[in-house]
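Reader: I'm new to this one and would like a close look at a single part. Could you walk me through how the helices pack together, and what sits in the loops around them?

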Amino acid sequence: MDLLRHPTLIRVCQIATGVLFAFAGLAKVGDPASFAAQVHNFRLVPVALENLVAMTLPWVEIVTALALVLGLRARAAAWLATASMAAFTVAVVLALVRGLDIECGCFGTADASRVGVMKVLQNVGFLAVAWVASLRAR
């Protein structure tokens, strides 16, 4: 556990998570209509809120990314990224369990990856990196 709290490892995980969130947010922010359709496909958000989610989530990801990469309130941003990754992972698992054959929407229309076991494993990996980014350095 001591290695996980090494300041260099934590900083590398913060930057890696920040880059991931920047890419995800920037890929979605330019086409909120397409992202709203992807949000709709998961059937987890009330229809009345789908457009709001599609317009705000990319900006939350971008602000989180900036905080992580620049090291401004990075630990708080890492906790937000960890919570986000946990929610995204749950959404993918629920879609998988319900048998939905949909694109994950993780990177907007820039990535056509589909919901499946590999996406769950990928998300769990990203979740682990975000969690390490949120640790307090020793």
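Author: Let's start with a term: a helix here is a DSSP run of H or I with at least four residues, and helices are numbered from the N terminus. Keep in mind that this is a predicted model.

Now for the packing. The axes of helix 1 and helix 5 come within 7 Å of each other, crossing at roughly 130 degrees. Angles from 65 to 115 count as roughly perpendicular and those over 145 as roughly antiparallel, so this pair is oblique. The crossing is left-handed. On the helix 1 side, the contact includes Leu9, Ile10, Cys13 and Gln14, while helix 5 brings Phe126, Val129, Ala130, Val132 and Ala133. Sorted by class, that contact has ten nonpolar residues, two polar ones and no charged ones.

Next, the inside. The largest nonpolar core holds 25 residues, and Phe21, Phe42, Ala95, Ile102 and Val115 have the most contacts within it. Helix 1, helix 3, helix 4 and helix 5 each supply at least two of its residues, with helix 4 giving the most, seven. Take Ala95: setting aside neighbours within four places in sequence, Ala95 touches Phe42, Leu100, Ile102 and Val115.

And the loops? Arg43 is in the loop between helix 2 and helix 3, and Arg73 is in the one between helix 3 and helix 4. Phi is positive, near 55 degrees, for Arg43, and near 55 degrees for Arg73 as well. Exposed means over 50% relative accessible area, so Arg43, at 53%, is exposed, and Arg73, at 69%, is exposed too.

Methods
Residues numbered from 1 in each chain as written. Predicted model: local features only at pLDDT ≥ 70, side-chain atom pairs only at ≥ 80, totals over all residues. Heavy atoms only, no water. Core = buried A, V, L, I, M, F, W, Y, C linked by side-chain atoms within 4.5 Å. Buried < 20%, exposed > 50% of the residue type's maximum accessible area, 1.4 Å probe, protein only. Contact = heavy atoms within 4.5 Å. Axes fitted to C-alpha atoms, helices over the stretch in contact; angles between N-to-C directions. Parallel < 35°, antiparallel > 145°, perpendicular 65-115°, else oblique. Left-handed = near helix turned anticlockwise from the far one by under 90°. Nonpolar A, V, L, I, M, F, W, Y, C, P; charged D, E, K, R; others polar.
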